[in-house]
Amino acid sequence: DVKVTQSSRYLVKRTGEKVFLECVQDMDHENMFWYRQDPGLGLRLIYFSYDVKMKEKGDIPEGYSVSREKKERFSLILESASTNQTSMYLCASSLWSHAGGGADTQYFGPGTRLTVL
Amino acid sequence: AQSVTQLDSQVPVFEEAPVELRCNYSSSVSVYLFWYVQYPNQGLQLLLKYLSGSTLVESINGFEAEFNKSQTSFHLRKPSVHISDTAEYFCAVSEGGSQGNLIFGKGTKLSVKP
């Protein structure tokens, strides 16, 4: 089974702190994604990566950056955490699928619930 | 830009009743369609997907969805729900050539009551 792990289930940080969220997948997937999930808004894509050292902005990249130095690891960085970044953060990975025009099943981690005070 | 609409934010039903969760997408170009389920305090899991072939796809736990290109819909159905189906369900769409990005709907909370 594909496994996607995230470094923390719960995290509490203070405004202005630099925050690192780590995600690791064990199935050699090319694509990795970071989403935030908020009630009533569904999942919104922050950043994604389709290869090592490659990154693309999603729908809401402001206030975030990412790093992908190794294929299995994709990190989300909050340079200076703010209260409006309190949210559930979900990481996912997938293969690149020719049949799906690039898209295929995304496998999700359990999520990190971040609270910024 | 592609968008996904899940018309119902909450759907309460009684156990053993049928249910339909609605999903419409905006674009008529080649699309690939997914339903994910999220149980409380867990990440999302794939329920079923349509990439090509038969427009009716089924999951292992009795859900099915039909890709309807003319109506740009991918509604999820189950003829008889169980308490254990209580969860939030997300419809997602990807367009060909999009590097695998998914656009998610806002979710539908299915609440099955005894």
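Student: Strands are DSSP runs (E, at least two residues), numbered from the N terminus. With that settled, where is Gln85(A) found?

Tutor: This is a predicted model. In it, Gln85(A) sits in the loop between β8 (73-78) and β9 (87-94) of chain A.

Student: Buried or exposed, Gln85(A)?

Tutor: Gln85(A) counts as buried because its relative accessibility is 4%, and the cut-off for buried is under 20%.

Student: What is Gln85(A) in contact with, leaving aside neighbours within four places in sequence?

Tutor: Its contacts beyond that range include Arg36(A), Glu62(A), Tyr64(A), Leu78(A) and Val116(A). Arg36(A) is 49 residues away along the chain, with a C-alpha separation of 9.0 Å from Gln85(A).

Student: Which side chain does Arg36(A) meet in a salt bridge?

Tutor: That of Asp38(A), with N to O at 2.9 Å. Arg36(A) and Asp38(A) are both buried.

Student: What about chain B: which residue forms a salt bridge with Arg77(B)?

Tutor: Glu20(B), with the closest N and O atoms 2.8 Å apart. This pair links distant parts of the chain, from strand β9 to strand β3 of chain B, 57 residues apart. Arg77(B) is partly exposed at 29% relative accessible area, and Glu20(B) is also partly exposed, at 33%.

Student: And Asp85(B), which side chain does that one meet?

Tutor: Lys78(B), in a salt bridge of 2.9 Å, N to O. Asp85(B) is buried, with a relative accessible area of 3%. Lys78(B) counts as buried too, at 6%. Elsewhere, shared partners join the salt bridges of Arg36(A), Asp38(A) and Arg44(A) into one network.

Student: What does the interface have, then?

Tutor: Between chain B and chain A, 4 residue pairs are in polar contact, both at pLDDT 80 or more. On the side of chain B that touches chain A, β5 (31-38), β6 (44-50) and β10 (87-95) each supply at least two residues. That side has 9 nonpolar, 12 polar and 4 charged residues. The contact involves 25 residues of chain B and 26 of chain A, and the buried area is about 1900 Å², with 54% of it from carbon and sulfur atoms.

Student: New topic. Which residues have the most contacts inside the largest nonpolar core?

Tutor: Among them are Leu33(B), Trp35(B), Phe74(B) and Tyr89(B), in a core of 27 residues. Elements giving two or more residues to this core include β5, β6 and β10 of chain B. Another core, of 20 residues, lies apart from it, and Tyr64(A) and Phe74(A) are among its members.

Student: Last one: which residues other than glycine have a positive phi?

Tutor: Glu16(B) is one of them, with phi near 75 degrees. Asn41(B) is another, at about 65 degrees. Glu16(B) is in the loop between β2 and β3 of chain B, and Asn41(B) is in the loop between β5 and β6. Glu16(B) counts as exposed at 62% relative accessibility; Asn41(B) is exposed at 63% relative accessible area. Most residues other than glycine have a negative phi.

Conventions: Residues are numbered from 1 along each chain as its sequence is written. Chains are lettered from A and ligands numbered from 1 in the order in which they are written. This is a predicted model: local features need pLDDT of at least 70, side-chain atom pairs count only at pLDDT 80 or more; totals for chains, interfaces and linings use all residues. Side-chain values use heavy atoms; hydrogens and water are left out. Contact means heavy atoms within 4.5 Å. Buried area is the accessible area (1.4 Å probe) that two parts lose on being put together, summed over both. A polar contact is a pair of N or O atoms within 3.5 Å; within protein, one must be able to donate a hydrogen and the other to accept it, and residues adjacent in sequence count only if both atoms are side-chain atoms. Helices (H or I, at least four residues) and strands (E, at least two) are DSSP runs, numbered from the N terminus. Ala, Val, Leu, Ile, Met, Phe, Trp, Tyr, Cys and Pro count as nonpolar, Asp, Glu, Lys and Arg as charged, and the others, Gly among them, as polar. A nonpolar core is a set of buried Ala, Val, Leu, Ile, Met, Phe, Trp, Tyr and Cys residues joined through side-chain atoms within 4.5 Å. Buried means under 20% relative accessible area, exposed over 50%, partly exposed in between (1.4 Å probe, protein chains only). A salt bridge is a side-chain nitrogen of Lys or Arg within 4 Å of a carboxyl oxygen of Asp or Glu.
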